Amino acid sequence: MKRLILIILLSIPNLAAAVDSNISIGNTIKIESEILKEQRSIQIHLPDAYLTSKNRFPVLYLTDGPGHFSHTVGTMNFLADNGRIPQMIIVGVANTDRTRDLTPKILISKDERFQNGGGADNFLEFFEQELIPYIEKNYRTQPYRVFSGHSFGGLFAINAFLTKPQLFNAYISVSPSLWWDEQRLIDDAKTFFNHTKSLERTLFVTMAAEGDRMITPYNNFVNVAKENNVDGLIFANKEFDDEDHGSTVLRSQYFGLKQVWDGWLMPRETFTQGLSAVQAHYKGISSKFGFDVNIPEGVINNLGYNALGNKNLEDALEIFTYNVELYPNSANVYDSLADAQEKVGQLNEAYKNYSKALKMAAPDDTNKVIFEKNKERVAKLLASESITMGK
């Protein structure tokens, strides 16, 4: 028994150290809404590159924030890390009265269970007049907005698309409750598509294995959307027969974001063609999505080490210098530049940049040990060089 107690006590310092290394994916703010006549909790995630660059970022807005914020942040980061989509600011909105806020006005149905519904237009006005202006005033945003909602939130997404299509550039509607008000939005969609000739937008709709009440109106909407002749509109849909109403959200976000940012992924052969080809790719997607896109830090870094590995030292120096210009607040870009400078014999410059990388590194940066070793190695080379010149 005493031995068991001793083991637990010895484990406590390690536990304390683990607790001190908290991982945060965002923060929560409060917004007093004059439109909604209440206070709203808003969760905000800023991507890693927000802190290491002066870049601006597209924004993904979510309903049901507390339920979907964390897994959506993870999905976004995973796809961005694999070059499939850009890093994004994510904004999640908490519910107070979900049925009221997410459902359109009731014009047909007599179902008394949902008589407190019908506030979707008011909630959308909150986005347009208060939330979006607040985010765009206080954060570095690109003029590209994505909206995603699930269930009643998916219904809200389609209603927003039909009533204010210009508010967001892309809409992800996950298992939308299109049975609402006797499937009225199906008729609204027919009218919308008949009167809309051109619209540069993306609409992605999904459905799980959920029974006829959900699936029948979903199929009706998909048929209407696929029959449209709207120039510039990208419509896509996907069914997840092995998911239910709750579990489908994560996979819907994954495929939805890939659809929204279709064409973002850089072909492998482009990478092998060098910096100018990579710049041309990102110039192309800048034109497609309507905002200036900087090449991600990791792409440039890999490009530089590819040149370094092929003994193209001058190209490597140019590439790493370019990365420093784009990401001046990243410790890693200075370490990489110093690596190239060391290879070409620019030891003084290498020492300065290794030192800068070490100084800029965050306290929990696992690369600090490498930065320190690099700095010490070049310091020894400089000292040896000084002794040799002295002789």
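**Aspartate 339**

Leaving out residues up to four places away in sequence, aspartate 339 touches Tyr305, Leu308 and Tyr354; contact means heavy atoms within 4.5 Å. I find aspartate 339 in helix α14. Helices (H or I, at least four residues) and strands (E, at least two) are DSSP runs, numbered from the N terminus. Is aspartate 339 buried or exposed? Aspartate 339 is buried, because its relative accessible area is 15% and buried means under 20%, with exposed over 50% and partly exposed in between (1.4 Å probe, protein chains only).

**Ground rules and confidence**

I number residues from 1 along each chain as its sequence is written, and side-chain values use heavy atoms, with hydrogens and water left out. As the model is predicted, local features need pLDDT of at least 70 and side-chain atom pairs count only at pLDDT 80 or more, while totals for chains, interfaces and linings use all residues. pLDDT is the predictor's confidence in each residue, from 0 to 100. The protein's mean is 92, and 93% of its residues reach 70 or more. Over residues 1-19 pLDDT stays under 50, and I see 0 contacts there beyond four places in sequence.

**Cores**

Next I checked the nonpolar cores. A core is a set of buried Ala, Val, Leu, Ile, Met, Phe, Trp, Tyr and Cys residues joined through side-chain atoms within 4.5 Å. The largest has 58 residues, and Tyr61, Phe126, Phe127, Leu131 and Phe221 have the most contacts inside it. Beyond four places in sequence, the contacts of tyrosine 61 include Val91, Phe127, Leu131, Arg145 and Phe168. Another core lies apart from that one, with 52 residues, among them Ile172, Ala307, Leu308 and Ile319.

**Pockets**

I then turned to open space. On a 1 Å grid over the protein atoms alone, a pocket is an open set of points where a 1.4 Å probe fits, with protein on both sides within 12 Å along at least five of seven lines; lining residues have an atom within 4 Å of a point.

The largest pocket holds about 1400 Å³ of space. Its lining has 43 residues, and Asp48, Asp81, Gln87, Glu297 and Gly298 lie nearest the centre. Helix α12 gives the largest share, 5 residues. α14 (331-343) is one of the elements supplying at least two.

The second largest pocket holds about 230 Å³. Its lining includes Tyr144, Glu200, Arg201, Asp262 and Lys288. α9 (248-260) and α11 (275-289) each supply at least two lining residues.

Definitions and conventions. Grid points are joined across faces, edges and corners, and a volume is the space filled by probe spheres set on the points.
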